[in-house]
Amino acid sequence: MNRRSFLSKGAQASMLSVLPAASLTASTHRTEPQKTEELQTVLPKKLKEGATVGLIAPGYALSAKALENAISNVKSMRFKPYHTSRIIGHHGYLSNTDKMRVEDIHEMFLDPEVDGIICARGGYGCTRILDQINYDYIAQNPKVLVGFSDITALANTIHEKTGLITFHGPVGTTLDNEYSRRNLSRIITKSTLELNISAEHYSRQTIQADDTFEQYVINPGVVTAKLIGGNLSLLSAMCGTEFDLDYTGKLVFIEDIDEDPYSVDRMFTQLLSAPTFKHAAGIVLGVFKGCNEPERMSFSIKEVILDRIKSLNVPSIYGYSIGHIDRNLTLPIGIQASLNTESFSITLKENAVRD
């Protein structure tokens with residue numbers, strides 16, 4: 001994720017190019033890796049109207065105005081926002097020191113008055129603190145945790161270490177539209193089986209204005225598997241570390257913003273070269289907004305994605321409504337879900353929260 005471009009809301013563009021016949025595809029020869037042992041799934045308690053929601057900034061610094069917006073957005077969901085003074089420590093480009101950001105996470109999980117947690121923003125910084133978090137605190141005090149972008153590292157690691165279902169969804173500063181708020185609310189405030197989460201259908205005008213909003217099936221099919229994933233830059237950064245995800249047999253969702261096609265190519269290639277990504281059961285790609293490059297010779301982002309993903313031969317789609325877009329759907333990390341490429345939708349097969 002090109003954070004500098006994202007923060008400045010850099011220009012979006014598109015271009016068409018022709019992929020050479022001898023495309024660089026992933027090897028179809030695979031050796032099944034040994035699966036890692038998974039913890040028992042832990043459901044957080046659903047949030048009710050009036051619930052106290054802790055706001056944290058485990059990554060980038062947060063301006064006073066951005067914090068005010070996050071507080072207002074949480075209030076609009078009929079929750080009571082709460083934060084500590086650590087959220088505005090302004091330690092360089094980070095919201096606070098590593099130690100203070102870890103302490104804020106700990107306090108929000110340990111405080112019995114806090115019912116759930118929404119990250120106020122993403123940016124960068126979560127990977128710096130993964131090895132400093134006390135995951136026993138979280139396991140003993142399971143709560144709703146919501147965020148995306150840099151929060152990919154925190155949300156997936158918490159699930160891997162504790163079994164807690166976490167939520168890839170809007171951060172406090174992006175909960176500024178009814179669509180995102182409504183779709184977050186129906187997942188974290190209700191225990192609902194067979195909940196269908198359909199992608200938004202983008203109009204011809206939207207696609208003409210920015211062709212990264214084009215929606216298409218990469219490989220058709222239906223698959224049911226455990227949901228994991230998030231931002232491509234973070235998944236790539238975690239690759240090869242002790243916090244790397246095990247993608248074997250998983251339904252993997254991925255998004256990114258403002259990355260050149262070659263950079264997206266490099267990150268997908270890194271995942272494909274790792275032991276488990278090539279053994280995913282299905283792939284759901286979000287809108288890679290701003291990832292086409294008009295200024296110089298390049299493959300289009302669509303050509304890169306088809307080249308890197310199609311050879312996996314598993315049900316896969318591009319253009320699902322997640323990530324760095326205004327209207328952002330929420331997906332639980334860690335529960336069984338079905339992808340139907342024909343209906344361009346995901347159906348949650350298990351409850352994501354408990355009563």
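**Exercise 1.** What volume does the largest cavity have, and which residues line the largest cavity?

*Solution.* Step 1: the largest cavity holds about 50 Å³ of space. On a 1 Å grid over the protein atoms alone, a cavity is a set of points where a 1.4 Å probe fits but cannot get out, and lining residues have an atom within 4 Å of a point. Points are joined across faces, edges and corners, and the volume is the space filled by probe spheres set on them.

This is a predicted model, where local features need pLDDT of at least 70, side-chain atom pairs count only at pLDDT 80 or more, and totals for chains, interfaces and linings use all residues. Numbering starts from 1 along each chain as its sequence is written, and side-chain values use heavy atoms, without hydrogens and water.

Step 1: the lining includes Arg186, Lys190, Leu348 and Val353.

Step 2: sorted by class, this lining has five nonpolar, three polar and three charged residues (Ala, Val, Leu, Ile, Met, Phe, Trp, Tyr, Cys and Pro are nonpolar; Asp, Glu, Lys and Arg charged; the others, Gly among them, polar).

**Exercise 2.** How do the axes of helix α10 and helix α11 cross?

*Solution.* Step 1: the axes of α10 (residues 261-273) and α11 (residues 301-309) come within 9 Å and cross at roughly 10°. Axes are lines fitted to C-alpha atoms, for helices over the stretch in contact, with angles from 0 to 180 degrees between N-to-C directions; helices are DSSP runs (H or I, at least four residues) numbered from the N terminus.

Step 1: α10 and α11 are therefore roughly parallel (angles under 35 degrees).

Step 2: The contact has eight nonpolar, one polar and two charged residues.

Note on methods
On a 1 Å grid over the protein atoms alone, a cavity is a set of points where a 1.4 Å probe fits but cannot get out, and a pocket is an open set with protein on both sides within 12 Å along at least five of seven lines; lining residues have an atom within 4 Å of a point. Helices (H or I, at least four residues) and strands (E, at least two) are DSSP runs, numbered from the N terminus. Angles under 35 degrees count as roughly parallel, over 145 as roughly antiparallel, 65 to 115 as roughly perpendicular and the rest as oblique.
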